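Here is a short note for a colleague who is opening this structure for the first time. Please read it with the model on screen.

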Amino acid sequence: MPAIFLMCLLFGLACGQAMSFCTPTDYTMHIDRRECAYCLTINTTICAGYCMTRDINGKLFLPKYALSQDVCTYRDFIYKTVEIPGCPHHIAPYFSYPVAVSCKCGKCNTDYSDCIHEATKTNYCTKPQKSYLVGISV
């Protein structure tokens, strides 16, 4: 009996890991403010991955809020702030961005997440670049 229980437990853990790959993932973003002389390249983490979901057959009979699917979203996150170099004195040179600490599969909260899956069209620099690494501007 204990061997069957152990096999079922291991199988359940393996399937759970295989079906949900929602984890903090490295991401590079470029901050290009029109008024500033430099573009800032920031390495951060975002939540990305696959969440197990099911398609409900009775879509016509359920209210819209019951039809939302789980997405990979932030469980815990912090904000970091960097200073963009080369900004004129009348422009605030600070930029804040989220850093994913942990992720979960759940409903997307529009208070702090962009819930629309759309490719970023301008994730590149058009000016000379400055890198931002672990709290030190290089």
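**Notes on the model**

1. Overall make-up. The chain has one helix and six strands. Read from the N terminus, the order of elements is α-β-β-β-β-β-β. Keep in mind that this is a predicted model.

2. Confidence. The average pLDDT of the chain is 74, and 56% of the residues reach at least 70. Which elements mark the two ends of the scale? Strand S4 (residues 94–106) has the highest mean pLDDT, 92. Strand S6 (residues 136–137) has the lowest, 40. The pLDDT stays below 50 over residues 134–138. In the model, that stretch has six contacts beyond near neighbours in sequence.

3. Burial and surface. The chain counts 138 residues, and 22% of them are buried.

4. Contacts along the chain. Take the contacts between residues at least 6 apart in sequence. Of these, 67% join residues at least 24 apart.

5. Disulfides. How many disulfides does the chain hold? The count comes to four.

6. Cys-36 and Cys-87. These two cysteines form a disulfide, with the sulfur atoms 1.9 Å apart. The torsion about the S-S bond is about 95°, so this disulfide is right-handed. The link joins distant parts of the chain, 51 residues apart. Cys-36 sits in the loop between strand S1 (23–31) and strand S2 (39–48). Cys-87 sits in the loop between strand S3 (71–83) and S4. Are the two partners buried or exposed? Cys-36 has 3% relative accessibility, so it counts as buried. Cys-87 has 18%, and it also counts as buried. The cut-off for buried is under 20% relative accessible area.

7. Cys-47 and Cys-103. Here the sulfur atoms of the disulfide are 2.1 Å apart. The torsion about the S-S bond is about -90°, so the link is left-handed. Cys-47 belongs to strand S2 and Cys-103 to strand S4, so the pair ties together parts that are 56 residues apart in sequence. Cys-47 and Cys-103 are both buried.

8. Cys-51 and Cys-105. A disulfide joins this pair, with an S to S distance of 2.2 Å. The value about the S-S bond is -85°, and the link is left-handed. Cys-51 lies in the loop between S2 and S3, while Cys-105 lies in strand S4, so the link ties together parts 54 residues apart in sequence. Cys-51 is buried, at 6% relative accessibility. Cys-105 is partly exposed, with a relative accessible area of 30%.

9. Thr-44. This residue is found in strand S2. Thr-44 is buried, with a relative accessible area of 7%. What does the side chain of Thr-44 reach? It reaches the backbone oxygen of Pro-98, at 3.3 Å.

10. Val-101. Look for this residue in strand S4. Which residues does Val-101 touch, not counting residues up to four places away in sequence? They are Pro-24, Asp-76, Phe-77 and Ile-78. Val-101 and Ile-78 are 23 residues apart along the chain, and their C-alpha atoms are separated by 7.2 Å.

11. Nonpolar cores. The largest nonpolar core has eleven residues, among them Met-29, Ile-31, Leu-40, Ile-42, Val-82, Tyr-97 and Val-99. S1, S2 and S4 each supply at least two residues of this core. A second, separate core has seven residues, including Cys-22, Cys-47, Ala-100 and Cys-103.

12. Linking the points. Cys-36 and Cys-87 are among the residues of the largest core, and they form a disulfide with each other. Cys-47 and Cys-103 are part of the second core, and they too form a disulfide.

Terms used. Residues numbered from 1 in each chain as written. Predicted model: local features only at pLDDT ≥ 70, side-chain atom pairs only at ≥ 80, totals over all residues. Heavy atoms only, no water. Helix = DSSP H or I, 4+ residues; strand = E, 2+ residues; numbered from the N terminus. Buried < 20%, exposed > 50% of the residue type's maximum accessible area, 1.4 Å probe, protein only. Contact = heavy atoms within 4.5 Å. pLDDT = per-residue confidence, 0-100. Disulfide = S-S within 2.5 Å. Polar contact = N/O pair within 3.5 Å; in protein donor to acceptor, adjacent residues only side chain to side chain. Core = buried A, V, L, I, M, F, W, Y, C linked by side-chain atoms within 4.5 Å.
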